[in-house]
Amino acid sequence: MPDPARSITLTVNGTMVRVQPGTTVAAAILIAGGYTRTSVSGEPRAPLCGMGICFECRASIGGKLHQRSCQILCTQGMDVRTP
Amino acid sequence: MSETWDVVVLGAGIVGAACARACSLRGLRTAVVESGAIGGGATAAGMGHIVVMDDSEPQLALTRYSQQLWMALSDRLPPQAEFESCGTLWVAADEEEMQEVRRKQRVYASLGVATEILDSRALREAEPHLRPEMAGALLVSSDAVLYPPCAAAWLLEEAIHFGAKLYAPRTVVSASAGHVRLDGGTELTAEHIVVACGADSVRLIPELPLRKRKGHLVITDRYPGLVRHQLVELGYLKSAHSLTTDSVAFNAQPRRTGQILIGSSRQYGAEHTAVDHAILKAMLARAQLYLPALGACSAIRVWTGFRAATPDKLPLIGPWPADETLFLATGHEGLGITTSLGTGRLVADALSGAATEIPLEPYLPVRGPIEHSSSTHPAAGGLHA
């Protein structure tokens, strides 16, 4: 059961998102209603494998570009950006 | 049944494509033979750095001539050739290397190549991610980068537009005495056979003074703005690209996509295409020494290629004495992308009996010893392209 008292807040492209501990950044991006990255030809991309292999979930996390968001758990105050 | 041509160019790498274009433009009836993909050999493996280099006077003359030809063509290149006038920064690590920066500036000025000396502070502004202790750099603004296989394909398209015929994918079985035999039995007759097969030219002419010199390149994910100019270390005094042993040098290039190409390595006697992890590790360590931020970047691909190296680091351009119908355009080592256009013009001028715009003598396949610039880099010599 979600426990509001234990929830974490982070920002995705400046928008505040509230998630439960253990939520991946990829899930937080989807909750925020966005996609993870833009292909070279300008198409939106979203996680495909969910296990760190396909690299489609890359996003900027804490200022570091191209992080695999499906492999990283949300932390309090995290700043996530997608192109 | 034999088809007759003025010129048959063997090899459609960037040098062969440039030769075919220049010959067709000159009105010579030209055919081109390629066994694989257009620009699929050393052309595709190279960095695509259009650079003026001063290892020797003839190298300076040919790279400057070629760089000017690229500049003149740059407006017409298609977008996929990704031509960018980003300039080169020759990075000096210490005061000793700054003396070399000043020497280099004088040499370039003698050919009318404008350069600018950056001190440590100016270099930090130009390239904020370089290690801050660097002493300075020489900025050569007229240098550029491009994507070689697409540039080669465009040069060949132009050649075909001007009347050249492409035989591909076809393998050359033999080429001598004005006759080129292809697999499948096609026979071409030519007044001149231009051998532009890079390091593979020895397959047709085993006596050529060519050795394969293996190189590694790495390309990163997209990090726009991390690198702004083509960056090359001037540190050959310490980490010289020796003529005999394996070596690495720092060389980084910004691509239009925001990706960064990282080089470079040089190895003789390594004929397999596999990645050599010890060399790769040394190359990346060298790169990180100059650009510490690379440590946090993701590399997405590593590959190798083979330069066609000559003993004096100058290409072989001119008739092959043992067979008057053979004309060489090979041995461009790490500078083939830059010098392809100059080579094409020299070949077309020589074959059509016109005067060449720079002397051909230094590049003739049979030649005397040449003088290398005094405090010479055995090294920096064509880390690129």
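Helices (H or I, at least four residues) and strands (E, at least two) are DSSP runs, numbered from the N terminus. The model shown in these views is predicted, so local features need pLDDT of at least 70, side-chain atom pairs count only at pLDDT 80 or more, and totals for chains, interfaces and linings use all residues. Residues are numbered from 1 along each chain as its sequence is written, while chains are lettered from A and ligands numbered from 1 in the order in which they are written.

**View 1. Chain A as a whole.** Let's start with chain A, which has one helix and seven strands. Read from the N terminus on, its elements follow the order β-β-α-β-β-β-β-β. The radius of gyration (taken over C-alpha atoms) has a rule for a globule: 2.2 Å times the number of residues to the power 0.38. For the 83 residues of chain A, a compact globule would come out near 12 Å, and the chain has 12 Å, which agrees. Its C-alpha atoms fill a box of roughly 40 × 25 × 20 Å along the principal axes. A residue is buried if 20 or more other C-beta atoms lie within 10 Å of its own, exposed if 12 or fewer, and partly exposed in between, with C-beta atoms placed from the backbone. By that count, 28% of the 83 residues of chain A are buried.

**View 2. His66(A) and its backbone angle.** Look for His66(A) in strand E6 (residues 64-68) of chain A. Phi of His66(A) is near 60°, a positive value in a residue other than glycine. His66(A) counts as partly exposed because it has 18 C-beta neighbours inside 10 Å.

View 3. Chain B holds nine helices and 18 strands. With a radius of gyration of 20 Å, close to the 21 Å that the globule rule gives for 385 residues, chain B is as compact as a globular protein of that length. The C-alpha trace of chain B spans about 65 × 40 × 40 Å along its principal axes, and 54% of its 385 residues are buried. Two residues are in contact if their C-beta atoms, placed from the backbone, lie within 7 Å. In chain B, 76% of the contacts between residues at least 6 apart in sequence join residues at least 24 apart. Between the chains, five residues of chain B are in contact with four residues of chain A. The side of chain B that touches chain A has two nonpolar, two polar and one charged residues. For these classes, Ala, Val, Leu, Ile, Met, Phe, Trp, Tyr, Cys and Pro count as nonpolar, Asp, Glu, Lys and Arg as charged, and the others, Gly among them, as polar.

**View 4. The two sides of helix H8(B).** Helix H8 (residues 277-290) of chain B has 14 residues and reaches 20 Å from its first C-alpha to its last, close to the 20 Å expected at 1.5 Å a residue. Within H8(B), the buried residues are Ile279(B), Met283(B), Arg286(B), Ala287(B) and Tyr290(B). They cover an arc of only 100° around the axis, which puts them on the same side of H8(B). On the other side of H8(B), you can find His277(B), Ala278(B), Lys281(B) and Ala285(B), which are exposed. The buried residues of H8(B) pack against several strands of chain B, including E12 (211-222) and E15 (259-268).

**View 5. Strand E12(B) and its partners.** Two strands pair if DSSP finds at least two bridges between them. E12(B) pairs in the antiparallel sense with strand E16 (residues 299-309) of chain B over 10 bridges, and here His216(B) has Thr304(B) as its bridge partner. E12(B) also pairs with E15(B), again in the antiparallel sense, over five bridges.

View 6. Lys313(B) lies in the loop between E16 and strand E17 (316-320) of chain B. Its phi is near 65°, a positive value in a residue other than glycine, and with 24 C-beta neighbours inside 10 Å Lys313(B) counts as buried. Four of the five residues of E17(B) are buried, so this strand is largely enclosed by the rest of the structure. A hairpin joins E17(B) to E18(B) through two residues. The two strands run antiparallel and are joined by five bridges; in E18(B), Leu328(B) is the bridge partner of Gly318(B).

Notes: Expected span 1.5 Å × (residues − 1). Arc of directions from axis to C-beta.
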